[in-house]
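Trainee: I am new to this structure and would like a close look at one part of it. Could you take me through the sheet and the helices that pack around it, with attention to the aromatic rings?

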Amino acid sequence: MKEKDLKKKCMAWVKKSKLKNFWMYHPQDFSHSGIPDFLMCANSKFGACELKTVRGRVAPIQAHTMAMIVAAGGAVAVVRSFEEFKNFVMIFYQQQQKGE
């Protein structure tokens, strides 16, 4: 699956999921290099998700940005499939609901 198709599928799922106390933003055309594809917040905890194809590589600027997010206490994942995306979002969301 192409990365743009994966992004569309992920966005559609997020819109349908209606998770409480959760928001997700897809920067698209309004961000600069290195910002992950999806930014999320649940109960004041920040997370980010970078989508890649099976062969896709994380660019050095992306790795640097994700390391900064982790250093600030955020959660980060590089996902390569729709299932990985759903799993990351649900685990992130559930942990924040428990206050972890």
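Mentor: The account below begins with the sheet and then turns to the helices and the rings. This is a predicted model, in which local features need pLDDT of at least 70 and side-chain atom pairs count only at pLDDT 80 or more, while totals for chains, interfaces and linings use all residues. Residues are numbered from 1 along each chain as its sequence is written, and side-chain values use heavy atoms, with hydrogens and water left out.

Helices (H or I, at least four residues) and strands (E, at least two) are DSSP runs, numbered from the N terminus. Two strands pair if DSSP finds at least two bridges between them. In this model, 4 strands form an open sheet in the order β1-β2-β3-β4, with mixed pairing. Strands β1 and β4 (75-79) stand at the edges with a single partner strand each, so one side of each has no neighbour in the sheet. On average, neighbouring strands of this sheet are turned by 20° against each other, direction ignored; such angles run from 0 to 180 degrees between N-to-C directions, and axes are lines fitted to C-alpha atoms, for helices over the stretch in contact.

Strand β3 (residues 45-51) and β4, by contrast, pair in the parallel sense over 5 bridges. There, V79 in β4 is the bridge partner of L51. Helix α1 packs on the sheet, where it touches β1, β2 and β3, and its direction makes about 145° with that of β3.

Leaving aside its neighbours within four places in sequence, M24 is in contact (heavy atoms within 4.5 Å) with V14, F38, L39, M40, F85 and V89.

The two helices come next. The axes of α1 (residues 3-17) and α3 (residues 82-98) come within 10 Å and cross at roughly 35°. This crossing of α1 and α3 is right-handed, that is, the near helix is turned clockwise from the far one by less than a right angle. On the α1 side, L6, K9, C10, W13 and V14 take part, and they meet F82, F85, K86, V89 and M90 in α3.

What of the aromatic rings? The structure holds 3 aromatic pairs. Rings of Phe, Tyr and Trp (its six-membered ring) pair if their centres lie within 6.5 Å; planes under 30 degrees apart count as stacked, over 60 as edge-to-face and the rest as tilted. W13 and F85 form an edge-to-face pair, 6.1 Å centre to centre with 85° between the planes. This pair links distant parts of the chain, as W13 in α1 and F85 in α3 are 72 residues apart. Both W13 and F85 are buried. The rings of F88 and F92 have centres 6.2 Å apart and planes at 25°, so this pair is stacked. F88 and F92 both lie in α3, 4 residues apart, about one turn of the helix. F92 counts as buried because its relative accessibility is 2%. Finally, ring pairs link W13, F38 and F85 into a cluster.

Key: Buried < 20%, exposed > 50% of the residue type's maximum accessible area, 1.4 Å probe, protein only.
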